[in-house]
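Here are some worked exercises to go through with the model open beside you. Take each task first, then follow the solution step by step.

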Amino acid sequence: MAVITFTSDYGLIDHRVAAVKGKVLSLKEDVKVIDISHDIQAYNLLQTAYVVRNAYSFFPAGSVHIISVDSFYHKDRKCILYQADGHYFIAADNGVLSLIFYDIKPEAVYEITLNNRFDDEVNFPSTDIFVPVAVHLQNGGLPEVIGRKLKNPKQLSFPRAVFNESEKMIIGEIMYIDNFGNVVSNISRKFFEKNAVGFQSFIVKFRNLALSKIYNQYTDLVSDWNKEHEYHGKSAAIFNDAGLLELTVYKGNNTSGAKNLFGLKVGENIFIEFE
């Protein structure tokens, strides 16, 4: 089954999303075009990386993923193709793919040269460049046909949590806030468990607040389902479905969730102190 996913910072008010889908269907009628998200904040590459990284692996191997975030055309910026983890990823050479695959080495990276045109003929790279490449790949075309190998795509540094041995502390930061107002850090369960060995207890600290327990999943907050409503608004730390430490409010939303309750923003620090 031919699948092309589409992620953008275009929103759904303007024509752009429809134009890209229409272009795909005009070139290949039997392809499935699946939206991942079009509510990415404008030019927000870290948010894009989190969303795409946690979605793409659920699609069939061989799927092609168009990422139109910070993608407007400039003659001095390349359009590139990553072949990674059994999938294809098409984006501007702005570093977003290095954020998605900060811990996975791509099998190959190509500078897209298929259908090269004069600069003034590229009006909208998502339709003029990204879509023809995606359809070429879904038609069984080789990536070598659409471009040449690229050795030095733009690299961005993914924020990593660190362990301070002298302070017996993990130092992480907020990297994403979801639609429910949950605050997601860059502290993974694996990193936490590795550094928790030998300690008896820990405290999760952020701003002037502290939590002494991390739940395995969201619903573990509720111990009595006959009184489930009494847990509404309760704050907690969990490891979310991406395996990352998340601060949450039970049954919270974008206005009543952890983001507003704790007043936290992307880039702020979260600490786990061990004893």
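**Exercise 1.** How many bridges join strand β4 to strand β6, and do the two run parallel or antiparallel?

*Solution.* Before starting, note that this is a predicted model, where local features need pLDDT of at least 70, side-chain atom pairs count only at pLDDT 80 or more, and totals for chains, interfaces and linings use all residues. Residues are numbered from 1 along each chain as its sequence is written, and side-chain values use heavy atoms, leaving out hydrogens and water.

Step 1: find β4 at residues 79–84 and β6 at residues 108–112. Strands are DSSP runs of E with at least two residues, helices are runs of H or I with at least four, and both are numbered from the N terminus. Two strands pair if DSSP finds at least two bridges between them.

Step 2: four bridges join β4 to β6, and the strands run antiparallel. Q83 stands opposite A108 in β6.

**Exercise 2.** Describe how α1 packs against α4.

*Solution.* Step 1: α1 (residues 16–27) and α4 pack at about 40°, their axes 10 Å apart. Axes are lines fitted to C-alpha atoms, for helices over the stretch in contact (heavy atoms within 4.5 Å), and angles run from 0 to 180 degrees between N-to-C directions.

Step 1: A19, V20, K23, V24 and L27 in α1 meet S126, T127, V131, P132 and V135 in α4.
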